[in-house]
Amino acid sequence: MPAKAVIRKEEWDSRLHEVPISKEDLNRLVMDYLVIEGFKGAAEEFSQEANLAPTVDFESIESRMIIRQALQRGDVEDAITRVNDLNPEILDTNAALYFRLQQQKLIEYIRAGRIADALQFAQEELAPRGEESPEFLAELERTMSLLAFENATNAPPAIADLLSPAQRMKTAGEVNAAILDSLSQGKEVKLVGLLKLLCWGESLLEEKAEFPKVHIHVDSRKKTLS
Amino acid sequence: MASRPSRVSSIPIPMPPSNTRSIENAISIPSSRTRISSSSFATSPPSLTRSVPRSSSSSRTSVRLPYEPRVIRGAPAQPSEYCPPTLSAGQGRRASTSGYPGRPTPRVSSSSHADQPAVVLAPETFARPAYLDHSTFRDALHSELSFAIPRKDASTPAPAMTPSTTDSDDESSTPPRRVQAPSTPSLPANVFNLPTKWSVTDRSTHLTISQDGRDLTYAIGNGDKDGASARTDDPVPPACGTYYYEVEVRSKDTKAHVSIGFAGPRVKFNRLPGWESASWGYHGDDGNSFHSQREGNTYSQTYGNGDIVGCGIDFSTHRAFYTKNGHFLGNVFERVGSDIDLFPSVGLQHSGDSIRVNFGHEAFKFDIENHVQQQKTAAWNRIMATPLYTSILKPGTSASSATPKAAVSEEESKVVLNKLVLSYLIHHGYSKTVRAFQKHQDVVIRSKSAVSDDKDFDMAAASPIKESFTEDNLEDDIERRTRIVSAVVKGDIDLAISDTEKYHPTVLKAEASLMLFKLRCRKFVELILESAAMKKEMELAKDRDTPRTEPPFVTPAAVVPSIPPSTDGDWFEESMDMDVDDDGAGHNESMPNTLAVGSGDTDTIPSRLEPDSVRAGKQKADGFGGLVSTAQYEAALSAAIVYGQSLSDDYKGDTRSEVKQLVKQTFGILAWEDLLRVGGETAEFVSVEARVRLASELNQAILKSQGRPARPALETLYRHTSACITQLGALGEGAAAFADLRRELLDA
């Protein structure tokens, strides 16, 4: 293993200085975040304050958010209706997504303790779909095994996770991405891409060179970069 | 406004007019180049082949060119002391930052030059192949044969490395792509040469090279016993991401004894690629793949006369692939060139056989562009599958590489992103957006909390906002700060000083009142400018036949701020006006040294058709109702002088060079009879751009006093990421070529 190259702070700082990036570029990254994450009001204000042309119809942000909120509070039926109002093709052409929504609906029945409804829904709606695909079937089985535990907290994590808010967020995220896709809008938040690129690049470079690292202090009172 | 979308209507710190931008670009970017290019020249020994001027080479060399090299037996068998000077040139380039470990650097033996065959090639030139456009570092990849690194003007001064001129507060850091420089980040190693021809020196003596450096022929009469191979002059830069070349085979056989592949710098040239340890080859006679072995592995079809065989390497996976007559044959080999320089290499074994190579001289048979696009997408997806780890996102969790990096959940990363975005918005004073963003957060937090009863999951506790500010504080803070900053931009230094004194007293006092000193200097400049404008107006009035009859508008403008402090939120509208003026400033680009941009007064938007100095004069004089008496002018001038004297008095004991320099510059403006028409450094010093820079500096000082970074964290992250990738590219990490930050995140 060759000796690591050492890049001193001054040298690194001057490299940072040379990176071509403008406020306008960063504004667009921020706008992308606001739009995709559904901060409609903020996106509107930002479009004004930063003089950025809107990349999407702001109303579509709103309807996406209503759908997301419906899923996050467990109202799957409402979400499905709204998605179909927005564009019926989204669910028609995306069997996996539709299955995911129905699975979520089943989870909500179970969460609410409506065992009879859950069973009926699973047998009538989900079982036929489980026959279509082994993946669907496996997911259906996983969901049904929630019923095997009187208290979900006793279930193994892989099963109990279905009742977690993260599962709702995951479903909501998939629906969000599908809607964005149907609007020909990017669905990955670019800032997330930036963070991933940073993690990837920094850890790879760590193996080859010594250089000043960057840390975001999220849980200190003030954010600092060191 | 519409014509310049970059002119943001309502930011508190309006952009400096464009001449600053061009100054920044003229200064900072080339100077780094100058440093790099000079060092690479210094480390590049002269090259035999490259010293031939391209234009005249064919006529000159054709007279004396022997196609066959002098046969030097034995020398190729010891390549370690028989390396072409061009290789060391390549090494020198890359090693420019001491950041290029690991690759063996062959030494040029002093005696080898004397023995070099007297072959001078007259190679064809060709443009960089289109598939290489997919590389992040495309602009650093060069196929030109006698490529000379462009020297920048050596007299260009070094850029001031103060952060105030480099961050997004200051639009002068606009990416250079708009002006002249390439869109890729400048590499520490400036230029990567692509292979362009077979090496005259690094080949078996059984092989002859055509004059254009593309054909290799196994010389007749040497028997069929020995393998004979050659490699290219330059190694393949991993910064290519994917590299590809094609070979046309001419043989008496349809299953030719030919090997096509890659070789490291130290292989023996009496062996075919694949037989040696640091070589990889695909053989035509049996269709097998070889890597450091005599017996190959089954790979694909045989090939021979008339076939076009392509050979490629993906540096993001270090796997090779081949094509035959435009068809993909599959990936092969592992870890190709992962720790050595890699040269395209071909070996022949039968006399009379020959090959002709295409390094991009003409269109490839195989659709390499499409292939690279796929490789790039795959590489990008691999990168995007990287989990976010905590040592970057959290303090305390040790960043040492010994500890495993814990992944961050989606919720945690959302908290980080919200915080990054919020701090960015706050930094630049987008106060309405901040307010709206916070409102969203509250809603989200409430709805999240509602469903999280059954799990210990509390978004409210993790809220990025609550922990840092209370809303009222935050809004007041932004508004106060933006008011101060826009006051400086408008030239209302008194308001800026008094507000800063009131709300951020430590800012003025820090570093022995350095900031206050700078503001007061600017105040003096404003006073002098004002008096100069009055003088101008007087002269204009003298020229007019009919002087106006209304009484002189008396205002002690020279000592009292003529612009009333803006009411809360007012600066949005005023910034709009700034924007209009900024637009006008677009036409300043041709005459950058004039005081042109409006001071923000809503009713003094000057016509763009007037010369800038007249605009500025009018603007100043408009404050005096268009008519100025001599007495007024003199009063203003003497008030200015009095102010200056007290300023100079207050700081006469300050020995800091920065202070002394600023005093000199500040009082230096008095030397000019007509300040509004002056050019050069003085014009720059009194310009509105200087005001904007001062405003930006004050903004950062205030942020700093609050314990916040002078550059938004988001921007630092971007810069840091870009620098990491650039450095990885310089260190030969192939995947970096497919981690195109700007294209993926900004241009997409």
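A: Begin with one pair of residues: B:Thr208 stands opposite B:Thr217 in E5(B). The model is a predicted one. The strands around that pair are E4(B) and strand E5 (residues 215-218) of chain B, which pair in the antiparallel sense over three bridges.

Q: How do strands of a sheet pair in general?

A: They pair through backbone hydrogen bonds, either parallel or antiparallel. Here, the open sheet has seven strands in the order E4-E5-E16-E7-E12-E13-E14 (chain B), with antiparallel pairing. Strand E4 (207-209) and strand E14 (327-332) of chain B are the edge strands, each pairing on one side only. On average, neighbouring strands of this sheet are turned by 20° against each other, direction ignored.

Q: Can we look at one residue inside that sheet? Is B:Thr323 buried or exposed?

A: Compare its relative accessibility with the cut-off for buried, which is under 20%. B:Thr323 has 0% relative accessibility, so B:Thr323 counts as buried. The residue lies in strand E13 (residues 319-324) of chain B.

Q: Which side chain is joined to that of B:Thr323 by a polar contact?

A: That of B:Tyr244, at 2.6 Å. Leaving out residues up to four places away in sequence, B:Thr323 touches B:Tyr244, B:Glu246, B:Ile308, B:Val309, B:Gly310, B:Phe328, B:Leu329 and B:Phe366.

Q: What does a hairpin look like in chain B?

A: Look for two paired strands and the residues between them. Strand E9 (residues 279-283) and strand E10 (residues 288-291) of chain B pair in the antiparallel sense over three bridges, and B:Gly281 has B:Phe290 in E10(B) as its bridge partner. Four residues lie between E9(B) and E10(B) in this hairpin, and B:Gly287 in the turn has a positive phi of about 70°.

Q: What does E10(B) form with E11(B)?

A: A hairpin with five residues between the strands; in its turn, B:Ser292 has a positive phi of about 45°. E10(B) and strand E11 (residues 297-298) of chain B pair in the antiparallel sense over two bridges. B:Ser289 stands opposite B:Asn297 in E11(B).

Q: Now a helix in chain A. Which residues of H9(A) are buried?

A: In helix H9 (residues 134-144) of chain A, they are A:Phe136, A:Leu140 and A:Thr143. Seen down the axis of H9(A), the buried residues fall within an arc of 65°, so they line one face of the helix. They pack against helix H7 (95-111) and helix H8 (115-132) of chain A. The face turned away from the buried side of H9(A) carries the exposed residues A:Pro134 and A:Glu135.

Q: Which residue caps the N-terminal end of H9(A)?

A: A:Ser133 does: one of its side-chain oxygens lies 3.1 Å from the backbone nitrogen of A:Glu135.

Q: How many helices and strands are there in chain B?

A: Chain B has 19 helices and 16 strands. Of its 748 residues, 59% are buried. Chain B exposes about 29200 Å², and carbon and sulfur atoms supply 53% of that. Among contacts in chain B with a separation of 6 or more, 74% come from residues 24 or more positions apart.

How values were computed. Residues are numbered from 1 along each chain as its sequence is written. Chains are lettered from A and ligands numbered from 1 in the order in which they are written. This is a predicted model: local features need pLDDT of at least 70, side-chain atom pairs count only at pLDDT 80 or more; totals for chains, interfaces and linings use all residues. Side-chain values use heavy atoms; hydrogens and water are left out. Buried means under 20% relative accessible area, exposed over 50%, partly exposed in between (1.4 Å probe, protein chains only). A polar contact is a pair of N or O atoms within 3.5 Å; within protein, one must be able to donate a hydrogen and the other to accept it, and residues adjacent in sequence count only if both atoms are side-chain atoms. Contact means heavy atoms within 4.5 Å. Two strands pair if DSSP finds at least two bridges between them. Axes are lines fitted to C-alpha atoms, for helices over the stretch in contact, and angles run from 0 to 180 degrees between N-to-C directions. The arc is that of the directions from the helix axis to the C-beta atoms. Accessible areas come from the Shrake-Rupley method with a 1.4 Å probe; for residues, only the protein chains shown count as cover.
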